[in-house]
Amino acid sequence: MKYINANNVLPEKLIMEIQKYVQGETLYIPKPEKEYRKWGTSSGGRRLLDRRNAAIKSSFISGSSIQQLAEEHYLSTETIKKIVYSKKK
């Protein structure tokens, strides 16, 4: 996470108002909700997991056992169960 000195970006009056509540601490200011992105959308990680999960579901439907899939994909049997029994596509 990148830190920015408040003195460099905020007006003095606003800094004084914030100092009524917090002084000398690190303060996280979240993005507005409309700016949030789901995990992995920027890096492509979400897309890779979605493809892997689709392949696991397809293999399960084709007859692979949960144990086989767990060993193949280096996942726990519980994780495989969550993937194959989930309602998501």
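Begin by selecting Y74, which is exposed at a relative accessible area of 75%; exposed means over 50%, buried under 20% and partly exposed in between, with a 1.4 Å probe and protein chains only. The model in the viewer is predicted, so local features need pLDDT of at least 70, side-chain atom pairs count only at pLDDT 80 or more, and totals for chains, interfaces and linings use all residues. Residues are numbered from 1 along each chain as its sequence is written, and side-chain values use heavy atoms, with hydrogens and water left out.

Y74 sits in the loop between α4 (66–73) and α5. Helices are DSSP runs of H or I with at least four residues, strands are runs of E with at least two, and both are numbered from the N terminus. The phi angle of Y74 is near 55 degrees, a positive value in a residue other than glycine.

**Salt bridges**

Next, display the charged side chains. Side chains of opposite charge can pair when their charged atoms come close. The structure holds three salt bridges, each defined as a side-chain nitrogen of Lys or Arg within 4 Å of a carboxyl oxygen of Asp or Glu.

Select D50 and R46 in helix α3 next. These two residues are four apart in the helix, so about one helical turn separates them. Their side chains meet in a salt bridge with an N to O distance of 3.2 Å. D50 counts as partly exposed at 42% relative accessibility, and R46 is partly exposed at 32%.

For another pair, select E17 and K20, whose salt bridge places the closest N and O atoms 3.0 Å apart. Here E17 is partly exposed, with a relative accessible area of 35%, whereas K20 is exposed at 60%.

**The nonpolar patch**

Now show the surface and select M1, Y3 and Y28, which make a nonpolar surface patch of about 470 Å². Such a patch joins nonpolar side chains (Val, Leu, Ile, Met, Phe, Trp, Tyr) within 5 Å, while like charges are joined within 9 Å; its residues have over 30% relative accessible area and no salt bridge. Accessible areas come from the Shrake-Rupley method with a 1.4 Å probe, and for residues only the protein chains shown count as cover. Y28 is exposed, with a relative accessible area of 54%.

**The largest pocket**

Which residues are closest to the centre of the largest pocket? The pocket has a volume of about 660 Å³. Of its 20 lining residues, I4, N5, A6, L27 and I29 are the closest to the centre. The elements giving two or more residues to the lining are α1 (6–9) and α2, and α1 gives the most, with three residues.

A pocket is an open set of points on a 1 Å grid over the protein atoms alone, with protein on both sides within 12 Å along at least five of seven lines; a cavity is a set where a 1.4 Å probe fits but cannot get out, and lining residues have an atom within 4 Å of a point. Grid points are joined across faces, edges and corners, and the volume is the space filled by probe spheres set on the points.

Colour the lining by class to see 12 nonpolar, six polar and two charged residues.

**Two distances across the model**

Finally, select K2, in the segment before α1, which is exposed at 72% relative accessible area. K2 and T79 are 77 residues apart in sequence and 34 Å apart in space, C-alpha to C-alpha.

End at L48 in helix α3, which counts as exposed at 54% relative accessibility. The C-alpha atoms of L48 and I4 are 33 Å apart in space, and the two residues are 44 apart in sequence.

Terms used. Nonpolar A, V, L, I, M, F, W, Y, C, P; charged D, E, K, R; others polar.
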